[in-house]
Amino acid sequence: MKGGLLRGRGLQIYTWLVIAWLVLPIAVMILFGFNDTKGRYNTAWQGFTLKWYGKLFEIGDLTQALVNSLLIALLTMVIAGVLGSMIGLALGRYRFRGSGAMNLVMFAAISCAEIVMGASLLSLFVTFAVPLGFWTILISHVMFSISFVAVTVRARVMTLDSSLEEAARDLGAGPWTTFRLVTLPMIFPGVLAGSLLAFALSIDDFVITNFNSGGTMTFPLWIWGATRVGLPPQVNVMGTLIFAAGVLIALVNGLIARRRANA
Amino acid sequence: MNVPFRQDPALLRGMTQRRLGRRDAFRLAGLSAAGLALAACGVQGKGTAKPSTSAQAQSEVEKFWSGKAKNGHVDFANWPYYMDPKQPELKQFTQQTGITVNYKEVILEMPSWFAKIQPQLAAGQSIGYDLMVVTNGLHFDQLVQLGFLAPLDHSKLPNFAANAAEQYKNESFDPGNVYSIPWASGMTGIAYNPKYVDTPPTSIAELWNPKYKGKVGMMSDSQEIANFGLFAVGVDPDTSTEADWEKAAAKLKEQRDGGIVRKYYDQAYMDPLAKGDIWLTMAWSGDVFQKNISDGTDLKFVVPQEGGTIWTDNMTIPKTAANPVDAIMLMDFFYDVNIAARLAEYINYVTPVPAAKDVIVADAAKASGDDKKLLEEVASSPLVFPTPEDTARLRSYVKFKTPQEQKKFESIFQAITTS
Amino acid sequence: MSRLRASLTPYLLLFPGGLWLAIFFVIPTVVMLSLSLQSGDVVNGYVFTFNWHSYVDGITTYHDQIVRSVVYGTISTVIQIVIGFPVAYWIAFKGGNRKSIYLFLLLLPFLVSFVLRTISWQFFLSDNGMLLGPLKSLGLVPEDFHILATSAAVIGGLAYNFLPFMILPIYVALERIDPRVLEAAQDLYASKTQIFLRIVLPLSLPGVFAGVLMTFVPATSDYVNASVLGGTGNTMIGNVIQNQFLINQDYPTASALSFTLMALLLVGIFVYAKALGTEDVLEVAAR
């Protein structure tokens, strides 16, 4: 395939342009976190400052919303991570009656429009008079994340060879020991990727959360509400920090993977 | 450098594969049918009759308040930017009474707030707040009709009795302040950016002026936009009928289909106005004042000669509140003249305590520099202390006698805004 | 691949997660179906009456918004294929050992909240903003030109927000193509165009299918882009559903519209799958 099917240079530039397009609004967001705006609105560039980083937690409700978001995302990551991995393991490793129905439900959950999911969950909570708030948000986030974790882990499981587990069993390991020492380490990358995906889906979710949040605020909800009066620069700073943390985690993760590959 | 996605192609494969058969689809359908019977129980409504006589009302009050005691804490739900973020008033309250206040600006718009608390109130559960600020209108009426609000014990509201302006003591949506006392009032009028609009608009007809094609903002809230439609066709919202609504809707439709309206805003119209995306728009008075102060913009606000809307945000206690006594103490605290003045200085909406003006004037005399200028502006602002001429032109939202009427109203005006 | 014999284990593994999905996904869908057939109002409560009117009224009143959503969703999906395919192609075949860097860059937007990104666009594109302001002062575009509050802005926003979901599956499909197949074709004197049309394109179809699935559904049912970037006459069915549910509390109409949307999307997906005949291809790809 020397020379390629299309001129490489042009396509490379094109790819970079698309990447630039994708990153542009983030650049704008980061830039305006450094804007020395005088009032509570952050719309016109008024000079460079770092002061918003110092005043990051000055808006109590915003901080609380961010804390809620992080907490919900972490819990979602753990709960959906565990439950989804179990489903993924079952579907990838075993052949059993009912697996088709499970696959169908998961497919439906993944391809279902968010607004329909949020609305239908609200109608459940309304019908059974469940008070809305932190826990209903968590329930909804776990609900839509499970399937994503499950398909991720299932795909990982299906690429693996089960003979290792059989060997472990032949050598006298019990089911739990086999799982802990053989299966889990093998599927762990899938579990990790799935859980991180759950975290990302949760912290970014707006539509489903908006339906089921009651009086509880999350970061995206607060931002949405604050557009009434204009976003304070703290939102940009928090967005920037979350972004930076994400980049950092990805980099560290990459480094570890590379070192392991080299070792 | 690596990312989870790259490192684990299983993830992508997992996300991109699809396995299901037609048989499974039928199975899911069967399951749904089974659940249908279970779900057919419906959503309960909880309408209760309003007390009709004053003796009845008094016994309602006694029934609610008997056995209730101060608990030393209150949870307060309010709208964004409705108090100085440092909350000096609340700190003072805690100092004086020992009651701690958990203040949250969680109410962003009335409909979604109502939708959120309604199931909890219907189930008789606490919504987590003892005090909430509710705008008059549809949802206020529904909260009253559904019996979700605690009747207020006016023996616990001495400051209110002494300091509230007379007009707030007999408002049409809650005569005699049975369930509410005002937090702040505001006007809906026309805001414009003088950079683009040379001749100051005085008539509501300017919102229909083809000169401003594509540069006019309108509100998406049915009650707000209905009032402006009614003003435009010369009908008083208070006495309007269904036929008037249709007429107003036709007028609004003409404005929309003529390409004059850029967008129906739910709330975020101030930024576009300051940036020049829109040149004139329906707006709430306080927003204009706040924007000018914080961003140094020079936006203007007028109450059109045909009429403008006055609305009131009211402090109410949900019936399921855990700490109603603490809540009502806090309510009365805000009617202390000094506290009311401090609040008005920050939030710049119409204060229900007229005597606050003198305090602000006195504060301005003591202050210096920017603060002085700001306080003088607040004290003399017709947006905080409206002129009698403006007040005379202000009208309330349309009121409904039946839910059917309200549904009709919604469908007439939402057909305009959700186009 | 050998699989262990069936036992109780898979059911035990499935149970907690499956139960969660049953209670909070399957049952709510059924509850919503029931709600859509009820009548009444918030104050007096809703009663199940097999009331089909919500469907009839909802669809007649909001038929414009439904059609518009499908049109916007379709156009934005096509745009995403056109923009995304060359990118996926280049990364898969020319990315070399930097593939992971490019993929990482494509995923960067996901580290910033969806709402925040959309608002950021609104800011960037405003009539006298960072983009149009300079262009207007240079006289390159007319003074009354605007991007916001147009269909183009909403479609552009949709295409932007879901693009990575299109690129990634196509990339995965392309990356799986065995280079030896391409070499063999070359050895047999196939032209570059022939290789692309007869090998690369067919083998990429499962990826395109998955990409469409992952972008068309959220784009069609979205309401954030329309309400942040759109104007009069850009309302999508998602906005209507959100309004009916959260603002009017007309649960029957809202549910009926949700169900209509869901049915529409499901039918769309099945017709699309049939037309492309991708079911078999997918089975191959999934291996």
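In strand 7 of chain B, Leu280(B) is the bridge partner of Val216(B). Strands (E, at least two residues) and helices (H or I, at least four) are DSSP runs, numbered from the N terminus. The model is predicted: local features need pLDDT of at least 70, side-chain atom pairs count only at pLDDT 80 or more, and totals for chains, interfaces and linings use all residues. Residues are numbered from 1 along each chain as its sequence is written, while chains are lettered from A and ligands numbered from 1 in the order in which they are written.

**Strand 7 of chain B and its partners**

- Strand 5 (residues 216-219) of chain B pairs with strand 7 in the parallel sense, over two bridges. Two strands pair if DSSP finds at least two bridges between them.
- Strand 4 (residues 180-192) of chain B also pairs with strand 7, but in the antiparallel sense and over five bridges.
- Opposite Trp284(B) in strand 7 stands Thr188(B).
- Strand 7 spans residues 280-284 and is mostly covered, with five of its five residues buried.
- A residue is buried if 20 or more other C-beta atoms lie within 10 Å of its own, exposed if 12 or fewer, and partly exposed in between; C-beta atoms are placed from the backbone.
- In a regular strand the side chains alternate between the two faces of the sheet.

**Chain B as a whole**

- Chain B holds 18 helices and ten strands.
- Of its 419 residues, 51% are buried.
- Take the contacts in chain B with a separation of 6 or more: 78% of them join residues 24 or more positions apart. Two residues are in contact if their C-beta atoms, placed from the backbone, lie within 7 Å.

**Two domains in chain B**

- Domain 1 covers 69-185 + 312-374, and domain 2 covers 187-310 + 394-417. Such bounds come from an automatic or database domain assignment.
- The centres of the two domains, taken over C-alpha atoms, are 27 Å apart.
- Eleven residues of domain 1 are in contact with twelve residues of domain 2.
- The side of domain 1 that touches domain 2 has five nonpolar, five polar and one charged residues. Ala, Val, Leu, Ile, Met, Phe, Trp, Tyr, Cys and Pro count as nonpolar, Asp, Glu, Lys and Arg as charged, and the others, Gly among them, as polar.

**Helix 4 of chain B**

- Helix 4 (residues 54-65) of chain B has twelve residues.
- From first C-alpha to last, helix 4 reaches 16 Å, close to the 16 Å expected at 1.5 Å a residue. The expected span is 1.5 Å times one less than the number of residues.
- Just after this helix, Gly67(B) takes a positive phi of about 80 degrees.

**Two loop residues with positive phi**

- Asn348(B) is a residue other than glycine, yet its phi is positive, near 60 degrees.
- Asn348(B) sits in the loop between helix 14 (337-347) and helix 15 (356-366) of chain B.
- Is Asn348(B) buried or exposed? Asn348(B) is buried, because 25 other C-beta atoms lie within 10 Å.
- Tyr189(C), also not a glycine, has a positive phi near 65 degrees.
- The loop that holds Tyr189(C) runs between helix 8 (179-187) and helix 9 (192-221) of chain C.
- Tyr189(C) has 7 C-beta neighbours inside 10 Å, so Tyr189(C) counts as exposed.

**Where chain A meets chain C**

- The contact takes 66 residues from chain A and 74 residues from chain C.
- Helix 1 of chain A gives the largest share of chain A's side, 13 residues.
- By class, that side of chain A has 48 nonpolar, 14 polar and four charged residues.
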